[in-house]
Amino acid sequence: MRISVRRTFRAHSKGLKNREDSKKEQDQKNMENRIVMYLHGGSGNHGCEAIVNSTCHMLKDIPKQLVTNSEQEDRKYTLEPLCDILQERKIAEHFFAHVWYYAWRAVFRDPESFMRYRFREVLGRKKAPLYMSVGGDMYCYELSRKEAITANSAFNRTGAKTVLWGCSIEPELMQEPEMVEDMKRYALITPRESITEQALIEAGVKENVKRFPDPAFALKPEKVRLPAGMKEGETIGINISPMIIRYEQEPGITIANYKKLIDHILQTTQDCVALIPHVMWNNNDDRLTLAELYRGYAGNERVFLFPDLSCRQIKYVISKCRAFIGARTHATIAAYSSCVPTLVVGYSVKARGIARDLFGTEENYVLPVQSLQTSDALIEAFEWLMKEEKGIRARLQRVMPGYCADAVKAGDEVKKLWKQLTE
């Protein structure tokens with residue numbers, strides 16, 4: 001009897017060990033076959049968070065790893081349950097590594113060496129079959145454009161495939177041979193608007209290009225308590241960023257326009273005003289600019305300054321607005337996808353392209369910050385929006401279900417590519 005019990009216990013223990021070993025093997029296989037998302041700046045920019053959040057839901061049945069510039073930010077908001085989060089290596093924080101790799105790059109003319117250090121945890125034996133560049137506007141700025149080109153080259157050199165996900169590119173950049181060569185390295189490019197798509201095609205980059213709306217059009221809102229006194233459907237949402245101020249032609253003209261707009265709303269309507277930040281990075285913090293605006297209205301019970309919220313919570317707040325005037329691309333995407341009439345105070349191809357695809361033109365829907373000449377320009381644009389409010393809302397209600405569904409279809413293209421690489 002005692003021997004029988006021992007045998008039963010040993011058999012049970014062996015079974016448990018076999019199951020544990022099998023699970024470890026499956027986990028290892030999953031990690032080998034994962035998709036790595038890279039060039040993610042951190043969820044303190046809630047546009048970055050919205051892209052990754054939506055992408056993870058599109059690819060929910062595939063193992064995903066996010067290599068991030070700020071692990072702390074990504075664990076703070078909505079991403080931790082959706083993917084494996086890995087802090088990228090920051091060479092500037094390690095003196096000896098920085099000196100060594102700088103010398104190596106200079107002597108051997110090897111710019112990819114920095115990328116091999118930065119992404120060391122997802123290369124070599126830890127290599128994935130597919131890498132997705134999720135920084136949608138990395139090619140819009142000179143420094144980040146160089147990073148994107150070098151990273152794409154480094155991953156391709158390992159034999160992996162890459163995806164340029166939900167991107168915007170200024171058309172004139174596609175006249176540069178280096179850009180054309182880089183775009184052709186990607187296995188898949190999903191431009192988020194037609195201006196970028198056309199620029200790619202005209203440059204001879206065609207076979208790997210498939211246009212879909214920005215992934216964040218598919219983002220699901222999360223209900224959050226609104227401030228007492230804020231009236232749903234009778235509030236004008238406002239977002240301003242330090243970024244657009246850098247592009248103004250006349251110093252102070254952007255803030256002056258926003259202040260006069262708030263005065264105009266308070267004096268000529270019964271609507272409330274909601275000041276909604278969307279990026280909270282130290283060197284690019286919407287809260288600082290919005291606080292400057294709010295100082296003149298701190299005692300006004302119709303003006304509300306919102307704190308930091310997640311991308312899903314921000315979308316919920318914006319969805320309760322009557323109209324939205326925004327500078328941040330993904331704040332305006334939250335408005336569009338919630339069928340809220342929207343005026344974009346923009347400066348780049350992404351603002352123009354998305355508006356053109358939704359309305360057939362960007363005229364009246366995008367106010368370039370570079371064009372601000374008088375302090376009444378924003379009021380004039382707002383008045384046009386309000387005059388056309390019902391028609392704009394009706395159009396968004398008609399087109400947005402299909403538009404958001406098309407955003408999700410981009411995930412199907414990635415799934416096809418992933419299956420080709422892993423089966």
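Which residue in β6 is the bridge partner of Cys167? It's Pro191. Before going further, a word on what you're looking at: this is a predicted model, where local features need pLDDT of at least 70, side-chain atom pairs count only at pLDDT 80 or more, and totals for chains, interfaces and linings use all residues. Residues are numbered from 1 along each chain as its sequence is written, and side-chain values use heavy atoms, with hydrogens and water left out.

Strand and helix names follow a simple scheme: helices (H or I, at least four residues) and strands (E, at least two) are DSSP runs, numbered from the N terminus. Two strands pair if DSSP finds at least two bridges between them.

Cys167 belongs with strand β5 (residues 161-167), which pairs with β6 in the parallel sense over four bridges. Both strands sit in an open sheet of six, ordered β3-β2-β1-β4-β5-β6, with parallel pairing. At its edges you'll find β3 (84-87) and β6 (188-191), each pairing on one side only. On average, neighbouring strands here are turned by 20 degrees against each other, direction ignored. (Axes are lines fitted to C-alpha atoms, for helices over the stretch in contact, and angles run from 0 to 180 degrees between N-to-C directions.)

**Another sheet**

There's also an open sheet whose six strands run in the order β11-β8-β7-β12-β13-β14, again with parallel pairing. Its edge strands are β11 (303-305) and β14, and each pairs on one side only. Neighbouring strands of this sheet are turned by 15 degrees against each other on average, ignoring direction. Within it, β7 and strand β8 (residues 272-275) pair in the parallel sense over four bridges, and Thr235 has Cys272 in β8 as its bridge partner.

Now follow β13 (residues 342-346). Is this strand mostly covered or mostly open? It is mostly covered: five of its five residues are buried, where buried means under 20% relative accessible area, exposed means over 50%, and partly exposed is in between (1.4 Å probe, protein chains only). Both faces are covered, with Thr342, Val344 and Gly346 buried on one side and Leu343 and Val345 buried on the other.

β13 has a parallel partner in strand β12 (residues 323-326), over three bridges, and Ile325 has Leu343 in β13 as its bridge partner. Three bridges also join β13 to strand β14 (residues 366-368), and these two run parallel. Here Val345 has Leu367 in β14 as its bridge partner.

Helices connect these strands. β12, helix α13 (residues 329-337) and β13 make a right-handed β-α-β unit. From β13 the chain then crosses through helix α14 (residues 349-359) to β14, and this β-α-β crossover is right-handed too. Right-handed means that, with the strands pointing away from the viewer, the path from the first strand over the helix to the second runs clockwise.

The axes of α13 and α14 come within 11 Å and cross at roughly 15 degrees. That makes α13 roughly parallel to α14, since angles under 35 degrees count as roughly parallel, over 145 as roughly antiparallel, 65 to 115 as roughly perpendicular and the rest as oblique.

**Charged pairs**

Side chains of opposite charge can pair when their charged atoms come close. A salt bridge here is a side-chain nitrogen of Lys or Arg within 4 Å of a carboxyl oxygen of Asp or Glu. A search of the whole structure finds 29 of them, including these:

| Glu142 | Lys146 | 3.8 Å |

Glu142 and Lys146 are four residues apart in helix α6 (residues 142-157), so about one helical turn separates them. Glu142 and Lys146 are both exposed.

With Glu197, the pair links distant parts of the chain: Glu197 is in helix α8 (residues 194-202), and Arg211 is in the loop between α8 and β7 (235-238), 14 residues apart. Asp357 in helix α14 is 146 residues from Arg211. Arg211 counts as partly exposed because its relative accessibility is 38%, and Asp357, at 22%, counts as partly exposed as well.

Finally, Asp271, Arg322, Glu389 and Arg393 are linked in a network of salt bridges.
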